[in-house]
Amino acid sequence: EVEKIQIKITSLGLTESRITEDETIQQLFVECRLNNFLAEETPLSLPKPPSGQRIHYNYSTAINVDKEDNHAEREYLKSILLKPDLPADSLKFTVVSDPPEDEQDLECEDIGFAYVSLKEIFQKQRDIIEQDIDVFDSQDASAVIGKLTVTVEALNALCSVHEECKND
């Protein structure tokens, strides 16, 4: 069985903020990143939901972390478990504004960030299943602009990596 971290981006809801009021922000997609290795994004950008409503991506992806083919990812997971002060121990989800077709001179813009700590999943011995996580404003890290519903199943892979650390 190939060891992997299973990720699902279910839906996104926004609270009243500069984001909901900004008319240049119309279409949103979500990117998920593991450190520097891997970035996956939802294939669709969806129309920005009004405050209090949600858009549904229902996008699933997997990060393979088996020894044979994904050595770098695996070493990174080891470092998360072995170095308690490693700051980058999270999967990072970025909500990105996709410029409208007729405004192609506009860039994609990161509008918010959300995080799932892999170390915490291991410490609590519990995957994250369909959980709402806070999305923080990219311009003000203390402001929550919405909720992203995600699933991150990483426990099996982390336990396997941990076993390996003990045997090294």
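This is a predicted model: local features need pLDDT of at least 70, side-chain atom pairs count only at pLDDT 80 or more; totals for chains, interfaces and linings use all residues.
1. Of its 9 residues, 7 are buried, so β6 is largely enclosed by the rest of the structure. When you look at this strand in the model, keep in mind that it has a pairing partner in β2 and another in β7, and the next two points take these in turn.

2. The pairing of β6 with strand β2, residues 27–34, is antiparallel and runs over 8 bridges. To find the place on screen, look for F29, which stands opposite V96 of β6.

3. Strand β7, residues 109–117, is also antiparallel to β6, and 8 bridges join the two. Here T94 stands opposite F113 of β7.

4. Within strand β6, S97 deserves a separate look. Is S97 buried or exposed? Its relative accessibility is 5%, which is under the 20% cut-off, and therefore S97 counts as buried. Leaving aside residues up to four places away in sequence, S97 touches T24, I25, Q27, L28, E107, C108, E109 and I111.

5. Strand β1, residues 4–14, is mostly covered, with 8 of its 11 residues buried. This strand is joined to β5 by 9 bridges in the antiparallel sense, and on that side Q6 stands opposite A62. Strand β9, residues 140–153, is likewise antiparallel to β1 and joined to it by 8 bridges, with L12 standing opposite L148.

6. A62 belongs to strand β5, residues 54–64. With a relative accessibility of 28%, A62 counts as partly exposed, because this value lies between the 20% and 50% cut-offs. Not counting residues up to four places away in sequence, A62 touches K4, I5 and Q6. The C-alpha atoms of A62 and K8 are separated by 8.5 Å, although these residues are 54 residues apart along the chain.

7. Helix α2, residues 71–82, has 12 residues and reaches 16 Å from its first C-alpha to its last, which is close to the 16 Å expected at 1.5 Å a residue. Which residues of α2 are buried? They are E73, R74, Y76, L77, K78, S79, I80 and L81. Against what do these buried residues pack? Their partners are the strands β1, β2, β5 and β6, together with the helices α3 (118–124) and α4 (155–167).

8. The last point concerns cysteines. A disulfide is a covalent bond between the sulfur atoms of two cysteines. A search of the whole structure finds 0 disulfides. C32 is in no disulfide, and the nearest cysteine sulfur, that of C108, is 17 Å away. C165 is in no disulfide either, and in this case the nearest cysteine sulfur, that of C159, is 11 Å away. As for accessibility, C32 counts as buried because its value is 2%, and C165, at 14%, counts as buried as well.

Terms used:
Residues are numbered from 1 along each chain as its sequence is written. Side-chain values use heavy atoms; hydrogens and water are left out. Buried means under 20% relative accessible area, exposed over 50%, partly exposed in between (1.4 Å probe, protein chains only). Helices (H or I, at least four residues) and strands (E, at least two) are DSSP runs, numbered from the N terminus. Two strands pair if DSSP finds at least two bridges between them. Contact means heavy atoms within 4.5 Å. A disulfide is a pair of cysteine sulfur atoms within 2.5 Å. The expected span of a helix is 1.5 Å times one less than its number of residues.
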